[in-house]
Amino acid sequence: MKLRLTWLFTLPVLLLLFFNLLHLTSRMYLYSDEYLVYFQTRFDLQSTILYQATQDVHPPLWFSLFDIWRSLVGDSEFAGRMLSLLLSMLTLALTYRLGRDWFGRVSVGLAAAIFLGLNSYFANFALEIRPYAATMLLASVSMWLFWRWLRKPTWRAASAYGVGVALMFYVHYFLAFVVAAQGIYFLLFTPKSRQIWKQLVGAAGVGLLVWLPWLPSFINQVLLLRSLSAQSGNAYGSGLGTPATTQATDLATIERLTVLSTNGQVVLYAALLMLGIVYLWRRPAYRLTLFWALGTPTVALVVNLVAAVYTPRYVAYLSVGLALASGAAILALPRIRRIPLSGALLLGCSLLLLAAQPEHISNNVAYRDIFRSMSIRDGDAVYLDHAGEGDLPFLRWQMDQYLKSSYTVVADHNLTAVQALRRIWYITGDWFNLKLNRLSPN
């Protein structure tokens, strides 16, 4: 009966969070990095893996999964986001399970899932057609396996943890920050014995054995990345990382991450973390959630001083740890006059987070809406004027998705070839700039 009552509360919460994320997909717009996923998986599975190994700098597992997914459900943008949404629902369910098991209360699991599902930082990357939904899921799985091994240090648990680490590195290399935070926690808070050290070495050996087939490709990718960074003049420090897409470690970067990861509610989350430290610091599970929420981005920002490895999407998995820490802190509060203060605060926080979700969680250009609104006919031309024509393959892919008739694209600001056409669709990103507007009078 207790189990049935648990699911009576859990399933509606997860369903509401699912529909919230599903609604947010309509406010997400494709951008060029997401298009590259379609480009890199345009052939068969073998070609996808070969491309990652020889021409890209990402591990192959998520791209292989996406290749299989699009072959089953199609190439639409919505279908691509659904894969990320389904992975993210697994993360929400696992977050509930972690909260329940680590803190011994179903309510903590529900609170953590609510905090996570209503967090815009999580939602944005939970719906991207990129590996970040998978990184958040695998980081959560790794933390679960790590904790299970520390609670019951058996060879089986250690081996499972090692396999989990290897799977993370098959999805994204910067999940190494999760392993680093786990290592620091292990050194600081785990009772040491010869047996557990042996199991740690065994876990590392199992993980390396699982990851060994990809090692030659990884070395090739490192050499490729260093070469590209040197050619672009962006290399610094070790020459690792991606300087073109990362941010420097400074106070402004830390402030942006703080605001982003808290939905702009910095004071609220800071208060919850302080409450958690007061009420729960002696609990090992809470200390691990803090290392998850605060330790992983700290490691990334420190390493970023010598290698370009930080941008907010690379540490999006901190949102799961932050949600667990916040949910545990609220439910640790005492009750006042039979009214559960913690429950009232949870409801208030949920409404605040829901209201704080931005109108558009994605700042990308709404090309989907633009192209859907065009009643284009066979033979029409689409004239692009400072409207993203510098990335024409990305635009053409979206046009092919939403403009079903045959059409001509003018992206070189030359209308001579199509001046005899009856209709030209003019798309510009600088309508009011007469100096740049090619169709405006001189």
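A salt bridge is a side-chain nitrogen of Lys or Arg within 4 Å of a carboxyl oxygen of Asp or Glu. By this rule, 7 salt bridges are counted. The structure is a predicted model, and the exercises below examine selected parts of it.

**Exercise 1. Determine how Glu-34 and Arg-81 are paired, and where each residue is placed.**

Solution. Step 1: The closest N and O atoms of Glu-34 and Arg-81 are 2.7 Å apart, and the two residues form a salt bridge. Step 2: Glu-34 belongs to helix α2 (residues 32-40), whereas Arg-81 belongs to helix α5 (residues 77-103). Step 3: The two are 47 residues apart, and the pair thus links distant parts of the chain. Step 4: Both Glu-34 and Arg-81 are buried.

**Exercise 2. Explain why the salt bridge of Asp-380 and Arg-423 ties together separate parts of the sequence.**

Solution. Step 1: The side chains of Asp-380 and Arg-423 meet in a salt bridge, at 2.9 Å from N to O. Step 2: Asp-380 is in strand β1 and Arg-423 is in the loop between β2 and β3, so the pair joins parts 43 residues apart in sequence. Step 3: Asp-380 counts as buried because its relative accessibility is 6%. Step 4: Elsewhere, salt bridges with shared partners join Glu-34, Glu-77, Arg-81 and Arg-368 into one network.

**Exercise 3. Describe the surroundings of Leu-421.**

Solution. Step 1: Leu-421 lies in the loop between β2 (407-410) and β3 (424-428). Step 2: Its C-alpha atom is 6.9 Å from that of Asp-380, although the two residues are 41 residues apart along the chain. Step 3: With 32% relative accessibility, Leu-421 counts as partly exposed.

**Exercise 4. Identify which helix gives the most to the nonpolar patch.**

Solution. Step 1: Leu-45, Ile-49, Ile-68, Leu-72 and Val-73 make a nonpolar surface patch of about 420 Å². Step 2: At least two residues of the patch come from each of α3 (45-55) and α4 (61-73). Step 3: The most is given by α4, with 3 residues. Step 4: Ile-68 is found in helix α4, and its relative accessible area of 40% makes it partly exposed.

**Exercise 5. Classify the crossing of helices α9 and α11.**

Solution. Step 1: The axes of α9 (residues 155-169) and α11 (residues 194-211) come within 7 Å and cross at roughly 40 degrees. Step 2: That angle makes α9 oblique to α11. Step 3: The crossing of α9 past α11 is right-handed.

**Exercise 6. State the phi values of Asn-263 and His-386, and the accessibility of each residue.**

Solution. Step 1: Asn-263 is not a glycine, yet its phi is positive, at about 60 degrees. Step 2: Asn-263 lies in the loop between α13 (251-261) and α14 (266-280), and it counts as buried at 11% relative accessibility. Step 3: His-386, also a residue other than glycine, has a positive phi near 55 degrees. Step 4: His-386 lies in the loop between β1 (380-385) and α19 (392-402), and with a relative accessible area of 32% it is partly exposed.

Conventions: Residues are numbered from 1 along each chain as its sequence is written. This is a predicted model: local features need pLDDT of at least 70, side-chain atom pairs count only at pLDDT 80 or more; totals for chains, interfaces and linings use all residues. Side-chain values use heavy atoms; hydrogens and water are left out. Patches are made of residues with over 30% relative accessible area and no salt bridge: like charges are joined within 9 Å, nonpolar side chains (Val, Leu, Ile, Met, Phe, Trp, Tyr) within 5 Å. Accessible areas come from the Shrake-Rupley method with a 1.4 Å probe; for residues, only the protein chains shown count as cover. Helices (H or I, at least four residues) and strands (E, at least two) are DSSP runs, numbered from the N terminus. Buried means under 20% relative accessible area, exposed over 50%, partly exposed in between (1.4 Å probe, protein chains only). Axes are lines fitted to C-alpha atoms, for helices over the stretch in contact, and angles run from 0 to 180 degrees between N-to-C directions. Angles under 35 degrees count as roughly parallel, over 145 as roughly antiparallel, 65 to 115 as roughly perpendicular and the rest as oblique. A crossing is left-handed if the near helix is turned anticlockwise from the far one by less than a right angle, and right-handed if clockwise.
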